[in-house]
Each structure stands twice: as structure tokens, then as C-alpha cells.
Amino acid sequence: MKNNDVIGLLNFYTAPSLGEITENRPLGSTSFLGRYAFCDFALSNFCNSGISDIGLMIKDHQRSVLKHLGSMSAWVTNTKVGRMNIMVNEKGVLNPLSNTDVANIRENDWQLYDSKAKYLVFQSTHIIANVDLGPILQEHIDRGEKITIVYTKIKDASKEFFSSNLLRVDEEGYLTSLKKNDRQQEEALASMEIWIINREVLVDIIRKNAVWNERADMKAMIADVLYAGNIKIHTHEWKGKYVRCFDCFDHYVEYCNELLDPKVYCSLFDQPSQHYTLTQDTPPAIYGEDADVRNSFIANGAIIEGKVDGSILSRKVKIGEGSVIKNCIIFSSVKIGKNCHIENAVIDKYSIVTDGKTFSGDPMKYLFLKQGTVI
């Protein structure tokens, strides 16, 4: 397999809404563990797998995505042939109902018709896992497959992977059926929304399906292909240590907090693969004489003068003297005044909490403060 035989397509369309937290940004550029964004992990998978020609299929909030990506050089490991292309569907702004990932591909059809690549590898932004795509792609090529879907076995579909399709697979590894997760079963095979599709096959599928259905998306088209019976869809089971589908606000809080456990953290980060993100010219975190920090992630540029316990603090967060922050997720550039007490809350960026304020969410239902809130 040659490097220029493959295009990686990062699909921002398939990520679900997390409610207020994704009002001003897509999930792909939402803060994760203080210094990352969700899209960093899929982009890192591409880089670590030797895929250097990447298309970013952006649905909305383009400003937020581009602000995080910067020059995009952090994810281009092959500077000779590597590139990242922004793919936006301008027509979708006027007609949001037809602003689908398929419409985006059609609007940016040079990826299909002008490219010499043989294979397209799709990844979604909301499923976090370290996936070496190289062996999966090689298996796809060696078997002469046209479409491959990557899935993982989950223990309880009523509690996880809400936004994913559940699969049934025959003994030869071919897909026999798929359905939306209705949360009615426990053990299941859940799609990781990683699809490998031969470029010419996708061209043919889009010509046959998307022309008569402007609202068709990739999930629907794959289902149409399956039930039409013209193409056998191959599957690959991924058996890695850590995979989470961030599909609701409560899962966002739960999955971020579980990474404070060293064993869970190591299952994601203690791997040979690298995790790339945009670096910023900020100093290390500063801790005051009375600072007390326990079991927390503190990003660079933070200033801590109070107590922080079981929390995640992004860049340039300031915690004033005498303040207690417990079980919180705080986005960048938030200022917490003196003698505040805050528990079980997610605080969006640029918010200000003035001196002496006290508030707490429920441990099972975190309080959320919108971007730029002043209290």
C-alpha cells in the first residue's frame, strides 16, 4: 500500500449533540481533558497509521474547528506529500436539512474524481480509541473487499454507544444486518463508525443513491447497500483496551472523570501511539503557596491558589485564594475568584465566578455554566 493510495476523511457530521456544551462548537473541537479536542484522537490515528492525506468534513461552526487546528501542521507528519483539506458544504448553510456528510462529499467531489487514491477511510470525532488503521486497511486490500466496517464488542448497549448502529455478522465476517441502538439489549456489536470504502465504489454508490435523496447520509447509504445485496460488506472487530462513544452530556462527564483513575488513563495514553494536538505558547501551571491539588488534570497556563480535587482544568484557568473546586470540568480562560466553593459542575470558557460564590450540581447530573457566564 502506497501512502498516496489512501485518503483519510474525518467526519464531523456523525457526532451527536451534547446539548448546551455543543451550542457554540461541534463535538470535534470540544475540550477534552483540558488540552485536547475530540478530533485530535481521530487525526492522531490517521497520522500514526501513515495516512497523511486528510479531508476534514465540517458540518457547522467552522470557526471553532479552524481555531483549534491552527496551521494544521501538528497532524501532518509527512511534510512532502501530506496535507489537510477543509471540506465545507456551502449549500448546507441555506438548507440545513440536506447538509449531510454525503452532500459534503458531493460538494467537494474533487476528492472522488481528481484523486488517484484507491481507498477512503472515514472516522468520526466522537468515538475515542487508539486505532492502528494500517493492519485493518491491509486486510481490506488483501481480501479484495469493497467496504469494511470496524466494530467493537460492548457489554451493555442500553448504557453505551447510544448513537451507533448495532451489527450482526456471519461466520465469515460479513455484515448481515444493522440497526440503530434502541437501548433494548446488553451485549452487542457496536459500529465504531470507521468505514473503509474503495473510492470507485463510493462514486458508484453516491451516483445511484444520493441523486434521488438529497438528505441521504453515509449511515443510510451503507444500510441501502447492505439490503440491496449487491455488495458484501466486510467487518473487522477491534479489540483494543479503551473505546468510548461520547454521545450525551452525562457520558461526557462520566468518561472524562473516569480517566482520573490511573488504570483507565493508562489504557488510553500508555500506548506506543502518539497523541497530537495544537500546542500553545503558555507557561507551566503555577501553584500558590496555599494551593492543594489532588487527583486532577491541570493544563499549562493555569494558576492555582486554592484547592482542586478530582477535577479537570484547561489552559489559562485561574483559581483564587481560599476557593475549593471539587469534581469539576473547567474550560479554558475561566476565572474563579477568592473563597468560592464549586462542586459537580462543567464551566465553559471565558466564564467568571466572582468572590465568595457557592454552587453545586448533583453528582449524577452536573451543573453547566454557559460560555462567558458571569456570576
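Colleague: What should I know about the model before we start?

Modeller: The model is predicted: local features need pLDDT of at least 70, side-chain atom pairs count only at pLDDT 80 or more, and totals for chains, interfaces and linings use all residues. Residues are numbered from 1 along each chain as its sequence is written, and side-chain values use heavy atoms, with hydrogens and water left out.

Colleague: How are helices and strands named, and when do two strands pair?

Modeller: Helices (H or I, at least four residues) and strands (E, at least two) are DSSP runs, numbered from the N terminus. Two strands pair if DSSP finds at least two bridges between them. Strands of a sheet pair through backbone hydrogen bonds, either parallel or antiparallel.

Colleague: Which way do β9 and β10 run, and how many bridges join them?

Modeller: Strand β9 (residues 165-169) and strand β10 (residues 175-180) run antiparallel, joined by 5 bridges. Val 169 has Leu 175 in β10 as its bridge partner. The hairpin has 5 residues between the strands, and there Gly 173 takes a positive phi near 85 degrees.

Colleague: Which strands form the open sheet, and in what order?

Modeller: The order is β14-β17-β20-β22-β24, 5 strands with parallel pairing. β14 (286-287) and β24 (352-353) are the edge strands, and each pairs on one side only. Strand β17 (residues 303-304) is joined to strand β20 (residues 318-319) by 2 bridges. Ile 303 has Lys 318 as its bridge partner in β20.

Colleague: How do I read a positive phi?

Modeller: Most residues other than glycine have a negative phi, and most peptide bonds are trans. Here, Ser 333 is not a glycine, yet its phi is positive at about 60 degrees. Ser 333 sits in the loop between β21 (324-330) and β22 (335-336). Glu 193, also not glycine, has a positive phi near 55 degrees. Glu 193 belongs to strand β11 (residues 188-198).

Colleague: Is Glu 193 buried or exposed?

Modeller: Glu 193 is buried, at 1% relative accessibility. Buried means under 20% relative accessible area, exposed over 50%, and partly exposed in between (1.4 Å probe, protein chains only).

Colleague: What describes the packing of two helices?

Modeller: The angle between their axes and the distance between the axes. Axes are lines fitted to C-alpha atoms, for helices over the stretch in contact, and angles run from 0 to 180 degrees between N-to-C directions. Helix α7 (residues 199-209) and helix α8 (residues 218-228) have axes that come within 11 Å and cross at roughly 95 degrees. So α7 is roughly perpendicular to α8. Angles under 35 degrees count as roughly parallel, over 145 as roughly antiparallel, 65 to 115 as roughly perpendicular and the rest as oblique.

Colleague: Which residues of α7 and α8 meet?

Modeller: From α7 come Leu 202, Ile 205, Ile 206 and Asn 209; from α8 come Met 218, Met 221, Asp 224 and Val 225. They divide into 6 nonpolar, 1 polar and 1 charged. Ala, Val, Leu, Ile, Met, Phe, Trp, Tyr, Cys and Pro count as nonpolar, Asp, Glu, Lys and Arg as charged, and the others, Gly among them, as polar. Ile 206 is buried at 6% relative accessibility.

Colleague: How enclosed is α9?

Modeller: In helix α9 (residues 249-258), 8 of the 10 residues are buried, so the helix is largely enclosed by the rest of the structure. Among them are Phe 249, His 251 and Tyr 252.

Colleague: What surrounds Asn 198?

Modeller: Asn 198 is in strand β11 and is buried at 15% relative accessibility. Beyond residues up to four places away in sequence, Asn 198 touches Lys 118, Tyr 119, His 140, Glu 145 and Lys 146. Contact means heavy atoms within 4.5 Å.

Colleague: Where does Asn 108 lie?

Modeller: Asn 108 is in the loop between α4 (101-107) and α5 (110-113). Asn 108 is buried, with a relative accessible area of 8%. A polar atom of the Asn 108 side chain lies 3.4 Å from the backbone oxygen of Val 88.

How values were computed. A polar contact is a pair of N or O atoms within 3.5 Å; within protein, one must be able to donate a hydrogen and the other to accept it, and residues adjacent in sequence count only if both atoms are side-chain atoms.
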